[in-house]
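Keep the 3D view open as you read.

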Amino acid sequence: MRRHLHFYTGISLVVLSLLGCAMTTRAQDASSISNPPPPKWTGSAGAGLTLTRGNSETVVFNASIGAEKKWDKNEVSLGADGAYGEQDDVKNIETAHAFGQYNRLFTERFFGLFRAVALDDSVADVEYRVTLSPGIGYYFIKNKTTYLRGEIGPGVVFEKQGGETSTYMTIRLAERFEHQLSKTAKLWQSVEILPEVGEWENYIVNAELGIDVAINTKWSLRAYIQDTYDNQPAPDRKHNDVKLVAGVAYKF
């Protein structure tokens, strides 16, 4: 009888221990659901190199990095890129560009924003161009695979171009489109127009179109074209600057 009593007592202790573990695990799972971990930064870094030898000698190097974070009703995106190129030992590309944008969602689609952009392009004779612009935006399309948004707002431009410094007000008009073509491919496109208030013939248009195709979970192939049109460029400079970039990118 005592043996049976000890046996049943041991079984009861094991069952109680298992129930205790199950309840603890459930409590931890419930806690993780009610208090999910804070979102992390996501982004990618890319680079490309083009060399030609023969009738002409060219070298073009480009690099870029971008990151974004979304939490609650906040969206932050940061990025920087640069390029350097020579043809027959003559520099024909030398640019550095950086931007940051913060969006505060008022509703699921409507948001306020602040954007800052800095550019240095020695070949276009732009020593610096800094644009600061608050504004509002709206997501016309917003789902798991696609978004299309428009943005508008006032801004101020500080620049030194062609050896002359200037500061002027602008109205920023912009749109951006992104679409997940498949599990491994993404397409994006953007256009931004910056006219000078009161002197509308002085305006800048920035446009970009690109595609990213994943090789695996971390690496991808990337190609994009960037076009900057300056309606009043520095003396002896062309209106259009077009760059076609191809390379690899690492996602983090």
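A search of the whole structure turns up two cavities of 30 Å³ or more. A cavity here is a set of points on a 1 Å grid, laid over the protein atoms alone, where a 1.4 Å probe fits but cannot get out. Grid points are joined across faces, edges and corners, and a volume is the space filled by probe spheres set on the points. This is a predicted model, so local features need pLDDT of at least 70 and side-chain atom pairs count only at pLDDT 80 or more, while totals for chains, interfaces and linings use all residues. Residues are numbered from 1 along each chain as its sequence is written, and side-chain values use heavy atoms, with hydrogens and water left out.

Start with the largest cavity, which holds about 60 Å³ of space. Its lining (residues with an atom within 4 Å of a point) includes G46, N62, R222 and V248. Strand 1 (42-52), strand 2 (58-71), strand 11 (219-230) and strand 12 (240-251) each give at least two lining residues; strands are DSSP runs of E, at least two residues long, numbered from the N terminus. Strand 12 supplies the largest share, four residues.

Now for the second largest cavity, with about 40 Å³ of space. Among the residues lining this one are N62, D81, Q226 and K243. Two or more residues each come from strand 2, strand 3 (74-87), strand 11 and strand 12, and strand 3 has the largest share with three.

Next, find N103 in strand 4 (residues 90-105). Is N103 buried or exposed? N103 counts as buried because its relative accessibility is 3%, and buried means under 20% relative accessible area with a 1.4 Å probe, protein chains only. The N103 side chain makes a polar contact with the side chain of Q101 at 3.0 Å. Such a contact is a pair of N or O atoms within 3.5 Å; within protein, one must be able to donate a hydrogen and the other to accept it, and residues adjacent in sequence count only if both atoms are side-chain atoms. Leaving aside neighbours within four places in sequence, N103 is also in contact (heavy atoms within 4.5 Å) with residues including K73, F111 and Y139.

Last stop: V157, in strand 7 (residues 146-161). V157 is buried too, at 2% relative accessibility. Its C-alpha atom is 6.3 Å from that of M169, twelve residues away along the chain.

Key: On a 1 Å grid over the protein atoms alone, a cavity is a set of points where a 1.4 Å probe fits but cannot get out, and a pocket is an open set with protein on both sides within 12 Å along at least five of seven lines; lining residues have an atom within 4 Å of a point. Buried means under 20% relative accessible area, exposed over 50%, partly exposed in between (1.4 Å probe, protein chains only).
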